[in-house]
Every structure is written in C-alpha cells, then in structure tokens.
Amino acid sequence: MSAYLDHNATSPVRPDVIQAIADALGVIGNPSSVHGAGRSARRLLEESREAIAAFVGAEPSGVIFTSGGSEANALALSGLGRKTVIASAIEHPSVLKAAQCHVLPVNGDGVAELQALEKLLANLGGRDALVSVMLANNETGVVQPVAELTRIAHAHGALVHCDAVQAAGKLDLDIKALGVDCLSLSAHKLGGPQGVGALVLADPNIDVSPLIKGGGQERSHRAGTENLSGIAGFAAAVRTVEDGGAERMAVLRDGLECALLNAVPGLTIFGRNVDRLPNTSCLAVPGLTAQTAVMALDLAGVMVSAGSACSSGKVAPSHVLTAMGAGALAGAAVRVSLGWNSTAADVDAFVEAFTALARRHEIQDAATAA
Amino acid sequence: MTAMTARTGKTNQAKHPIYLDYQATTPCDPRVVEAMLPYFTEKFGNPHSRNHAYGWEAEEAVELAREQVAAIIGADAKEIVFTSGATESNNLAIKGVAHFYKDKKDHIITVVTEHKCVLDTCRHLETEGFKVTYLPVKPNGLIDLAELEAAITERTALVSVMAVNNEIGVVQPIAEIGGICRKHGVFFHSDCAQAVGKIPLDVNAMNIDLMSISGHKIYGPKGIGALFVRRRPRVRLQALINGGGQERGMRSGTLATPLVVGLGEACRISQEEMESEGKRLTALRERLLKGVAARLPEIYVNGDLEHRVPGNINISFAFVEGEGLMMGVKDLAVSSGSACTSASLEPSYVLRAIGLDAEMAHTSLRLGLGRFTTEEEVDFAIDHIVEAVSRLRELSPLWEMHQEGIDIKSIQWAEH
C-alpha cells in the first residue's frame with residue numbers, strides 16, 4: 001500500500017480527464033484550418049477556453065493557453081512591457097529567474113510584507129513596474145494577501161501578476177475579487193495533464209507581447225498549434241474540481257498535523273499561524289535532514305518531497321524557508337501535499353511512518369549525545 | 001472524415017469530407033495514443049510504483065523517447081531538448097542563438113518562404129537591432145546557394161533555412177547549405193517540422209547545428225516538439241522559459257511525459273515506415289496529379305516537382321476564382337493559397353515569392369496526402385476537383401474569353 005502525498009509537485013490525472021484527452025486525440029483537424037475538421041478542433045478549443053474562464057471568473061478572450069505554469073509566468077513577466085519587476089522572495093524559480101527582480105521580503109510566517117511593497121514602489125516608481133506575487137506558496141501553502149498587495153500596487157500605477165498555479169483548485173479563485181491584472185494556471189497541479197497551462201488576463205485588451213512569436217493563435221499572444229488534447233484535459237479537470245474538496249482536504253491535513261504534534265516532540269509546522277492552502281503541510285524536526293526523511297518515507301511507501309520538487313534533482317536549501325528565516329531548519333523541511341484522491345489511510349500511513357522515523361532519530365540523537 | 005476513419009485508415013466507402021490537409025496537422029496515430037495512455041494512468045494505479053518506481057518509469061520513458069527522436073535525425077539523445085512544439089523550437093533556436101552571441105555577432109540569414117514563426121522571430125530581432133537578410137527563392141521555390149554564401153559575413157551568427165516548405169513541399173539543398181555554413185563557421189538552424197519522418201535527415205552528414213521538430217506533423221500529439229542542439233561544436237542558447245532548469249537549463253517547466261512518449265513513438269513509427277510510405281505517397285501524388293491534369297487544362301504545379309516531399313502537391317487552377325474554388329471542393333478538407341488575416345484574404349506569401357500573381361495564388365489548392373490517405377480517396381478527390389473546376393469555369397467569362405483565344409492580360413479594363 002503506497003501513499004502519494006506530493007500533489008503540489010504533480011497531481012494524478014483524474015479519470016474523467018483521461019477520457020477527455022483520449023477523445024481530443026481523436027479530433028483530426030488543426031484549429032486554425034477553415035475546413036470542417038479544423039472547425040471541430042476550434043470548437044473544442046473554444047469550449048475549453050470558456051471552462052477555464054468560468055473557473056477564474058474571467059472573459060474567455062482573456063485566456064491565453066500556454067505549455068504550462070512556467071511559460072505562463074515567463075509570458076507575464078516579459079510580455080507586459082514593464083521594465084521594473086518586483087517579486088516576492090518566495091516566488092517560484094520560473095518567476096525569479098525570468099527577470100531581474102527586486103525582492104519583496106516575507107515575514108517569519110512566509111507572508112509578503114505590505115509596507116515593504118509600499119516602500120519599494122515609492123523608491124522605484126510604480127508606472128513602469130510589475131509586481132509578481134503568488135496566491136499560495138508551493139512549499140508552505142501560505143496564502144498571500146494578494147488583494148491588498150494589488151491595491152497598493154495599483155495605487156502606484158504598477159501592474160500585478162499573480163502565480164495562482166498552486167492555489168487553483170484548492171481556493172476559490174476570482175480574478176476580479178483579487179483585482180490582479182493577470183494570473184498563471186497549470187493543469188497538472190489540479191488533476192489535469194502536464195504540458196498545459198494558461199495566462200489569464202483580467203482585461204483581454206491589455207497589451208501582451210508574445211514570448212513565442214509566429215502565427216496568430218491565442219489572439220496573437222502565443223503562436224504555435226494549440227495543444228488540443230492537453231487543453232481539453234485542462235478544461236475537464238477544472239470542470240471536475242468538486243465543491244467541498246478543499247474542506248475535505250483541510251480536515252485530513254489538520255488531522256495529520258494534530259496527530260504529529262502529539263507524537264513528535266520538537267516538530268515545527270511552517271506557516272501554521274497564518275492562512276494556508278487546505279492541502280499543504282510543511283514540517284521539520286531539528287536535525288532530521290529532509291533528504292534522509294524523504295528516502296526513509298519512500299521506503300515505507302509514502303511519497304512526499306523535500307522543499308520544492310521542481311529543481312530537477314538538485315538538492316539545495318529551500319529559498320522559501322530561508323526567506324522566512326528558518327535557518328538550518330530549512331534543510332529539514334518535508335512537504336506533505338494532499339490532492340483530490342487522497343484518503344485518511346494515506347494520512348495515517350504518513351503519520352505512522354514519520355512518527356517512527358522521528359523516534360529513531362531521537363534515539364540516535366540521544367545515543368550520540370551520551 | 002471521422003476519427004475512426006483516420007484511426008483504421010480503412011474506408012468501406014470514402015467518408016466526406018476527405019482529409020487532405022496533412023501539412024496543417026496529421027491525425028494522431030492510434031499506436032501513438034496507445035503508447036501515451038498508460039502514462040496518464042499507471043503512475044498511481046500500479047502497485048509497483050512504490051519507492052519512486054513510477055518516477056523512474058517516467059524518466060525511463062522520457063529518455064527512451066529522447067533516443068527515438070534522436071535516432072530519426074542521426075543525433076545523440078543528449079542533443080534533444082523537448083519543447084511545446086516546432087513554433088517554440090524555432091523561437092528558441094533563433095532568439096536563443098541571437099541573444100547568446102549578440103556581443104560578437106548580430107546578423108541572421110533566412111529565406112522569404114520560411115514559416116511565419118521564423119519570419120516573425122527575425123522581424124522581432126530586427127527591432128532589437130539585429131540585421132536580417134531574407135534570401136529570395138527561384139521560381140521552383142529553392143534558394144540559390146551562391147546567393148546564400150555571398151550573404152554570409154563575419155557578423156553572421158545564424159543561417160535558418162527550412163528543409164521542407166509547408167505550402168509547396170519543396171526540399172531545400174540542406175546538406176549543401178550545411179556545408180557552406182560549416183565552412184564559414186556559422187551556425188545552421190533548420191525548421192524540419194515538415195521534413196522529419198518524410199525525408200531522410202542526418203544532422204551530422206548535413207552539418208545541421210539546430211533542428212526544429214514537431215509532434216503533430218508526424219502523427220503524434222499537438223503540444224509537443226523538440227529542438228536538436230548540437231554539442232560538438234557546441235551551440236549555446238539563451239533560454240526563453242527559465243525556472244527549474246529542466247532540459248539542461250535550455251527549457252524549464254515540468255515535462256509532459258505522455259506527450260513526450262507520444263512524440264518518441266511517432267518518430268519510431270515514421271522512421272520505420274518512411275521508405276515504404278514515401279513510395280506509396282509518391283505514387284498516390286502522381287495518381288492525383290495525372291488524374292487532374294488529364295482532365296483539366298490550364299493548371300500549374302507550384303514548386304519543384306522533383307525536389308519535393310512525397311505527400312504534397314500544390315496546384316493553381318487558372319480562370320477560377322479562389323473563394324469559389326474552396327466552396328466548390330467542400331467535400332475535401334484542404335487548404336488554399338490564401339490566409340485569412342483580419343477578415344481579408346491575403347494571397348500566400350510563399351506563392352508570391354515564387355512569382356505567382358495574386359489571382360494565381362488565390363486560386364491554388366494545397367493537397368496534403370498522408371498515412372491514412374487511400375487510393376479510393378485520391379480518386380474521389382480527382383473527380384471532385386475536376387467537377388468543381390469545370391463547373392466554375394463554365395460560369396467564368398474569363399474562361400470563355402480564354403477559349404476564344406483572347407489574351408486576358410492584354411485587356412484594358414475600364415474603370416468603374
């Protein structure tokens with residue numbers, strides 16, 4: 001029996017989604033062709049666009065399909081034409097490496113600081129600035145005060161991009177309520193396939209210069225024949241995000257944390273005092289390195305990750321926890337992330353395995369000390 | 001044509017409309033779909049997926065696909081970077097090289113008949129201060145090698161020439177172009193979206209340094225492609241998408257395992273069947289051309305017939321009006337020589353570049369044949385085209401005048 005608790009890295013594809021993908025792979029035409037086969041493909045594309053738009057409360061014409069969250073972030077940062085980029089210290093590498101960023105610090109709970117943004121904008125000037133803040137962090141799940149940050153940014157004339165990749169499907173998402181100018185989505189984080197995402201514009205008429213140039217696809221915002229099966233799968237995934245799913249995950253996650261706090265002395269849970277995604281728990285025991293923990297848990301059939309899984313095999317201290325001032329504890333952080341098919345049995349498996357691991361570590365520690 | 005027709009490739013009776021637009025996109029081969037589907041499901045369903053076994057499985061699958069893609073172009077697997085498609089590959093290759101070497105070199109050479117994404121990328125680079133030479137083509141659609149060589153300067157960073165044109169199917173002298181580029185120490189990029197799996201390609205024999213590959217043009221899925229980036233001598237690129245550092249830093253973002261597997265399988269099948277399929281499609285194309293030409297006078301083949309990919313023919317039908325022609329062949333899914341841009345019909349820039357006037361460009365059809373095209377479908381297409389064109393010509397005063405021997409070009413049209 002194995003427990004997959006690494007949904008923030010990638011979430012298994014939902015069964016309904018697989019069917020939608022298989023169906024779309026059977027659609028023959030190119031959506032840009034004018035004949036019947038092309039028009040059928042176009043219809044599927046536009047229906048999918050409407051589903052994504054409805055999911056975030058945007059206009060269908062504001063949805064630009066991309067190859068994923070990383071491309072959506074790159075498009076936002078390069079395409080909005082703002083010379084100054086301010087990004088929070090805990091952004092995904094695809095944001096932090098897309099531009100020379102002025103860093104907006106976070107507090108000890110991992111929340112971006114409003115006053116710091118005010119100061120940065122006052123110093124740098126807002127008219128030529130883009131502020132990029134994620135809605136929820138991928139490692140800690142900490143939710144950012146995006147609406148407040150946006151009000152500040154807009155007051156200075158800055159534009160706001162929001163990486164909503166981790167939040168989508170776990171929090172209610174409304175682009176108008178957030179007030180941001182655009183947000184990034186990724187299908188495979190919410191039960192859709194890998195290789196597809198979107199940049200959603202609040203105002204479809206805002207100027208976005210394409211990162212990938214060529215044909216007039218995506219209203220000339222993103223050239224290239226559309227990934228039709230991926231896009232259809234993305235739409236199927238957002239259609240199946242269930243009401244109450246977030247509450248269900250929150251109950252499981254809170255149970256997990258409660259059990260561990262009782263069983264494991266010295267346990268730290270990052271961001272526990274602030275608003276977090278309902279599915280994420282980032283925890284650490286001093287001295288128990290994350291790499292050791294992840295390997296031991298893996299042998300016990302529990303799949304979680306150490307910090308972010310995006311670094312393709314590289315082991316480096318998490319920039320997110322470091323920004324929160326975690327110090328050496330950053331190297332001990334284990335991320336547990338639940339998803340649409342997680343069960344109480346998965347949580348129990350983790351609690352049991354982690355508790356046993358922490359006990360062994362404690363005994364070893366005591367032996368070393370003696 | 002329904003999905004099932006494409007999948008089985010068998011038709012008891014020809015289904016209408018018949019898909020003859022294989023240069024626009026190809027139906028995903030059922031063998032490719034079959035290879036892909038387990039990678040959507042087995043990850044979590046497989047009890048052996050413990051201990052990251054699935055992770056290893058996925059990685060193994062990606063690396064196998066990388067080898068399959070490399071094999072069809074004679075490259076090393078380490079030289080393959082997966083992208084979201086040939087458009088991204090072209091953008092990455094051209095912008096990537098231009099930006100990386102911009103301190104020493106600022107000149108790019110390309111051709112007027114390249115795909116729009118190559119031309120748009122080059123035009124964009126011009127706004128950044130790069131100089132671009134757009135080589136013309138001869139009336140047969142091929143470039144003049146002497147002209148290419150003369151255009152190279154010590155400031156030239158990159159030559160970008162497609163192997164096979166998407167509209168007229170002509171095959172450029174890629175090996176000769178590669179030889180010239182290597183001799184002058186200039187990188188050679190080739191957009192091979194329409195060439196891979198259709199003509200033999202060897203990046204070493206042809207001295208190609210960067211090559212763009214598309215999945216959906218070779219019966220793979222849409223949304224996946226690759227860029228070949230030579231390691232010796234090493235070509236360096238500035239990435240378009242940064243982040244997690246996947247694909248050796250040249251292209252960040254989570255790899256879409258099922259799509260990658262689909263591209264690999266599509267390459268494997270195409271490589272295996274290239275020779276026999278090439279012969280079959282050449283025969284079908286000849287049948288189509290002969291069938292139409294035997295019954296219709298005043299038709300013109302656009303682009304060289306000899307240096308041409310098997311599955312493409314592009315014909316202009318004189319004395320027929322373009323939109324009428326498209327409406328007339330409604331039982332065929334084909335493309336015309338017009339691109340619909342902002343509600344006005346623009347004649348194809350490729351056809352204009354080989355010397356066609358606007359009318360002859362408008363009145364052309366691109367007939368793309370492929371893996372699921374049958375002889376029966378070709379015969380239907382011949383009848384359908386002949387009937388449509390004959391009917392349109394009967395209604396055409398120009399055709400009547402031509403029949404009477406009046407030279408249309410000599411007429412002085414009155415202003416209205």
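## A buried strand in chain A

Strand β3 (residues 84–88) of chain A is largely enclosed by the rest of the structure, because four of its five residues are buried (20 or more other C-beta atoms, placed from the backbone, lie within 10 Å of the residue's own; 12 or fewer is exposed, and in between is partly exposed). Strands (E, at least two residues) and helices (H or I, at least four) are DSSP runs, numbered from the N terminus.

On one pairing, four bridges join β3(A) to strand β5 (residues 129–132) of chain A, and the two run parallel; strands pair if DSSP finds at least two bridges between them. A:Thr84 has A:Ala129 as its bridge partner in β5(A). Strand β4 (residues 101–104) of chain A is also joined to β3(A) by four bridges, again parallel. There, A:His102 of β4(A) stands opposite A:Ile86.

## The model and its confidence

This is a predicted model, in which local features need pLDDT of at least 70, side-chain atom pairs count only at pLDDT 80 or more, and totals for chains, interfaces and linings use all residues. Residues are numbered from 1 along each chain as its sequence is written, and chains are lettered from A and ligands numbered from 1 in the order in which they are written.

The average pLDDT (the predictor's confidence in each residue, from 0 to 100) of chain A is 94, and 97% of the residues score at least 70. Over residues 308–312 of chain A, pLDDT stays under 50. Where pLDDT is low, the predicted coordinates should not be read in detail.

## Two helices of chain A

Helix α2 (residues 36–56) and helix α9 (residues 228–239) of chain A have axes that come within 9 Å and cross at roughly 35°. Axes are lines fitted to C-alpha atoms over the stretch in contact, with angles from 0 to 180 degrees between N-to-C directions. Residues in contact have C-beta atoms, placed from the backbone, within 7 Å. Among the residues making the contact are A:Leu44 and A:Phe55 of α2(A) and A:Ile231 and A:Phe234 of α9(A).

## A position in chain B

B:Ala388 lies in helix α13 (residues 375–394) of chain B. B:Ala388 is buried, with 22 other C-beta atoms within 10 Å. Not counting residues up to four places away in sequence, B:Ala388 touches B:Leu325, B:Gly328 and B:Val329. The C-alpha atom of B:Met326, 62 residues apart along the chain, is separated from that of B:Ala388 by 9.3 Å.

Technical notes:
Contact = placed C-beta atoms within 7 Å.
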